[in-house]
Every structure is written in C-alpha cells, then in structure tokens.
Amino acid sequence: MAPKVVLTRYLDPDKLEGAAILKKAAKEGKIDYTAYDKPGNAPREWVLENVKGAESVVVMLGDKINDEFLDAAGPSLKVVSTMSAGYDHVDTAALKKRGIRLGTTPDALTDATADIGAMLTLMASRRAGEGIRAVVDGKWPTMPWDPLLLCGRGLQGSTVGVFGFGKIGQLTLKRLLGFGISRVLYSTSKIGQPLSPSKDHFSLSSLTSSLNVSFDPAQSLDELAKESDFLIVCCALTEETKGIINSSFLSKMKPSAYLINTARGPIVDSDALVAAVKEGKLAGAGLDVVDGEPNIGADHPLVREQKIVVLPHIGSATVETRSEMSRQAARNCLAGIGIEGFEEWDNEVKL
C-alpha cells in the first residue's frame, strides 16, 4: 500500500511547483494523497480527521503541530514538512520524542525577504509610510512645501546593525551597501563572535573592504543598541530572543535610529516600540512581522503610529519564492519516506 501523504492547504499546481510534484507522485501510485481543496486555511477539524494514518504531511505556518495533531496522526507519522523557514508553530520536543523528522524551506525565501528588509529600511527612514498616508487621506493639497517637510535620514555615513547575521541578514545588508554605509555592526547567534569564513555567505568581508566600510562584530547587545543608526532584526525566534527588543533595549538606542524587523513578531515588544516612537526615543520602525499577527486591525497601536511602517508579513511573497518553497516542502515530504527520485532533503532540522 502506498504511504499516505497529506497537504493541509490548497496549492495551485499551475503556479506552485510543490503541488504539481505531489499530484504527479500520486498519479504514479507512489503515494496515497489527500489535500485540502478549498482556498484558505483548512479547518482544524479537517486536519485532525484527515491526518489519521499519514506517514508524511506538508503543513503551513497556521498549523499547530502539537500533541493534539500528532495524536490524531498516530504512530504512522514519520515526517512533518513545513512550507516555511521558521518553525515556531511546531513542538519540536514532541517530534523528537516520537522520532518524527522535520523539514523546512529557509533557503527558498532568502532573496525575497532581503528585498523586503531593504525596502522597509528605506521606507521607514525616508518616512514613506507617512507620505503615503498623507496622499491617500487627501492631505497633500493642504501641505505647503517646507524645507523639512517629511524629512527623514539617509544611509550615507551611517552605522547599520544586523541582529542575526545569517543568510537573510547578510543579503539584506548587501542590498544596502551601495547607499554609502560607513560601518556594519553585526551579531551572529553568539554576541561577540567573529564571522567565520564558512558563514560569510556572500563574501561580504571582501565587499565591505572594497567599499571602505568597517565590518565589526558587536561585543554586546548594548553596543548593538547604542551604536546602530539602523538596526535590522533577522534572528530566529527562540526562548532567548523572544521579547529581547524590549523597553530596556530600545531605551539605549539613539533617538534618530530606526528599527527594522523581518524575522518574527514576538522578538519585538510592540508596546515598548510604540512608546519609544511616541516619546521621541526612536525615529521610526519598519515591520513585516508583528506579535499577534494576523490579528492586527486598523486600531492597533502599531498601525496608528504614523512613523511605523507595517506590512502584512509579505517577506516571501513573490510567486517565484512561494513556488520554490512549495517545491522544497514537497521534496522534503517525499524524501523523508523514501519515495524514489527524492532521496535527499532540501533542509532537515536537527532535532
């Protein structure tokens, strides 16, 4: 009997390669395939019912992979493959206890997320969010030109701090280097750790040297806060990083500085961020991720604060990126149960 594979979200096989891969495997009789076939998230009841007896599942960020899910699947489950880079929706301890493997898709969205990080840096610092609101609200005709009207600050001569200096952090920085940055202050997973050659993914050391940019590891979180004119958050969400950008951290930043977050919402204390901007202790912020998303309405304090640009988590939102994410998720799903032609994982998390 072919192994049962479940996909918890409708994916268009004409646009997303992963869906086409799974459908082809099913047509060839390699898998017994069940997929949610309506737009939107599959109801939890559907997921728990259909995951019964599955050997491998492809899930999304909105799926809680916890004991309830794993109990419903039963002992047959060998692989959870998530179409995402992060996996804070997955109880990894529960997977490890049951011997279930986990696959993710981090490399697929590096470029697209770096684009958003660079865009948010420019939008926040050049007050584009405020400008767009003024135009949309019809206020432009009543805004006479003034030498300091909507003036922000440029990147020229600035210090850019990157908290979480992996591939996305480095590629975001690479996109900004042409704007005349004078210093890069970065933090790897361990504060004060220099960047090893194997982790210099884009030859940034040589590139920053050719552009006459200094390239220094932060010796402490305090230094990262105090020295950065632009602080770009790209670190993983862990117990250690949850809420690490709090009122204490923000109080050490320059009043002229900007905070950018393309990582995960809970890394930044939203209330503390709003307070810092309102009180003039921070110039502004650009966020693609927010704690509590997607339940962020028009009356949310972050949305109401004009100097904070908020996007609805679109870091990976290009058709090319989402298709590649789906492809990697499908391959991981099939590789984990030994389907012919899919012997290697694109990315397996070591639990």
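In which sense do β7 and strand β8 pair, and over how many bridges? I looked this up: the pairing is parallel, over 4 bridges, with β8 at residues 214-217. Strands pair here if DSSP finds at least two bridges between them.

**Ground rules.** I am working on a predicted model, where local features need pLDDT of at least 70, side-chain atom pairs count only at pLDDT 80 or more, and totals for chains, interfaces and linings use all residues. Residues are numbered from 1 along each chain as its sequence is written, and side-chain values use heavy atoms, leaving out hydrogens and water. Helices (H or I, at least four residues) and strands (E, at least two) are DSSP runs, numbered from the N terminus.

**Strand β7.** I checked its neighbours. Tyr-186 stands opposite Pro-217 in β8. On β6 (residues 159-163), I found 5 bridges to β7, again parallel. There, Thr-159 stands opposite Arg-183 of β7. The chain gets from β6 to β7 through helix α7 (residues 167-176), in a right-handed β-α-β crossover. Right-handed means that, with the strands pointing away from the viewer, the path from the first strand over the helix to the second runs clockwise. β7, helix α8 (residues 204-210) and β8 also make a right-handed β-α-β unit.

**Helix α6.** In α6 (residues 128-136), I list Gly-129, Glu-130, Gly-131 and Ala-134 as buried. Their cover includes α5 (110-125) and β12 (308-310). Just after α6, Gly-138 has a positive phi of about 75°.

**Cavities.** I counted 2 cavities of 30 Å³ or more. A cavity is a set of points on a 1 Å grid over the protein atoms alone where a 1.4 Å probe fits but cannot get out; lining residues have an atom within 4 Å of a point. Points are joined across faces, edges and corners, and volume is the space filled by probe spheres set on them.

The largest cavity holds about 40 Å³. Its lining includes Met-123, Glu-130, Tyr-258 and Lys-307. α5 and α6 are the elements giving two or more residues to that lining.

The second largest cavity holds about 30 Å³. Asn-261, Leu-273 and Asp-291 are among the residues that line it.

Conventions
Buried < 20%, exposed > 50% of the residue type's maximum accessible area, 1.4 Å probe, protein only. Contact = heavy atoms within 4.5 Å. 1 Å grid on protein atoms, 1.4 Å probe; cavity = no way out; pocket = protein on both sides within 12 Å on 5 of 7 lines; lining within 4 Å.
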